[in-house]
Amino acid sequence: MEKIKIEKLDNLGRGICYINNKITFVPNTLPDEIVNLKLTKESKKYNEAIVTEYIKQSKKRIPSKCPYYEECGGCHLLHMSYKDTIKFKKDKLESIIYKYAKIKTNIEVIPSLESLNYRNKITLKITNQKYGYYEPSSHKIVNINSCLLASPSINNFIPDIPYLHIKNGELIIRSNYNNELLLWIKTKDKINPDLNYLKEKHKIVGIIENDNVIYGDSSFIEIINHQLFKVSYDSFFQINRYICSTLFDLVNENISDNEVIVDLYCGVGTLGINASKDAKKSFGIEIVKNAVLNAITNSKINKRDNIYYMLGDVKTCLPKIKENIDTIILDPPRAGLDKVTLNTILEFKPKKIIYISCDPMTLARDLNDLKTIYNPKFIKGLDMFPYTYHVESLCVLNLR
Ligand SMILES: C[S@@+](CC[C@H](N)C(=O)[O-])C[C@H]1O[C@@H](n2cnc3c(N)ncnc32)[C@H](O)[C@@H]1O
């Protein structure tokens with residue numbers, strides 16, 4: 001194939017070029033690079049391709065520090081400087097928010113204090129005892145012995161995975177502030193881990209096989225901004241403790257004393273507990289049972305006696321709250337708000353909404369509806385997922 005010039009980046013950090021006027025996406029490329037390509041997918045509307053040769057490289061390109069970068073689907077931006085990845089995320093956020101919410105605004109993206117070794121949780125696939133991440137858009141495993149994004153204690157553990165004797169399945173490794181590990185194995189096979197060896201070498205708090213605890217506990221403690229949180233193997237927790245701390249501060253800066261606060265999609269209670277020190281009353285809603293049980297414990301550990309939790313779908317629980325709500329904090333999954341919840345919020349008309357999102361597209365879609373009666377005070381990006389194309393954001397909205 002003839003040489004071709006990369007024009008710009010798309011929202012997934014892939015280079016864009018045109019082959020016979022058809023848009024073509026090429027990972028691991030930068031604007032103005034000239035490359036030779038091999039097509040990997042041809043569909044009616046677009047192509048996907050990989051580089052076979054870099055004829056002219058961008059001055060902005062840096063060598064990736066990861067030996068698996070070419071094959072692994074985990075990171076997308078390791079060929080850029082960290083500063084350039086932040087600029088990429090700022091441009092991406094601003095353009096999505098403008099395109100889908102018609103809000104033109106300058107968005108600061110706050111970098112993570114640690115841009116490598118920040119992940120406190122990784123999920124590895126295991127097939128015939130071979131373990132690693134999947135290649136992009138495939139079920140082919142890239143065997144890894146370390147991961148640049150994972151915390152040091154997770155990296156120490158990875159070479160010892162064979163001692164768990166898992167043949168096929170999935171392994172979720174979590175670590176905390178104290179380098180302790182919580183292991184969750186999902187498998188149909190019978191496993192017989194070499195516990196004596198593993199306990200000697202690593203601070204393993206618990207091992208869970210499917211939903212049975214086979215060693216230790218089913219949860220551990222994480223600490224953020226001097227607050228302690230019990231986290232069960234199946235409860236959500238923000239994966240980057242460094243930017244999580246900034247997120248907590250940003251939420252608190254936008255809460256006043258004596259408010260009635262509702263924390264939707266509250267997980268183990270983190271954001272609501274963090275914000276409720278001087279609240280009049282607080283509610284948390286969450287669908288995962290262990291997470292709600294963790295949240296109840298966490299409110300006690302952190303001495304909050306003003307928070308009430310509801311187990312269930314936000315859609316059905318939120319309408320049951322009869323108080324006048326001052327602030328709704330909401331941090332939904334990628335899908336954002338469902339229509340019923342969005343309409344309930346618009347009917348409740350809380351004075352303020354603090355919307356935390358891990359997907360700018362669904363955030364923009366929901367802002368477009370919320371802005372009918374709310375003014376966005378500001379939107380900030382938070383680099384929760386350095387060197388990937390993902391970006392977390394926080395938007396504060398005030399009732400008009
Ligand atoms: C992005 S996490 C946020 C958790 C929490 N705010 C935090 O910062 O740790 C989203 C949470 O929403 C929960 N969830 C997902 N769908 C839900 C629903 N329909 N109703 C209630 N909770 C839901 C998930 O279990 C998860 O804990």
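How many residues surround the ligand, and which are the closest? In this predicted model, local features need pLDDT of at least 70 and side-chain atom pairs count only at pLDDT 80 or more, whereas totals for chains, interfaces and linings use all residues. Residues are numbered from 1 along each chain as its sequence is written.

The ligand is surrounded by 18 residues, the closest being Phe236, Tyr265, Gly267, Ile287 and Asp331, where a residue is near a molecule if its C-beta atom, placed from the backbone, lies within 6 Å of it. Two or more residues of this shell come from each of α5 (270–275) and β18 (281–286), helices (H or I, at least four residues) and strands (E, at least two) being DSSP runs numbered from the N terminus.

Leu149 lies in the loop between β10 and α2 (152–157), and counts as buried because it has 22 C-beta neighbours inside 10 Å, the cut-off for a buried residue being 20 or more other C-beta atoms within 10 Å of its own, with C-beta atoms placed from the backbone. Although Leu149 and Leu116 are 33 residues apart in sequence, their C-alpha atoms are 5.0 Å apart in space.

Technical notes: A residue is buried if 20 or more other C-beta atoms lie within 10 Å of its own, exposed if 12 or fewer, and partly exposed in between; C-beta atoms are placed from the backbone.
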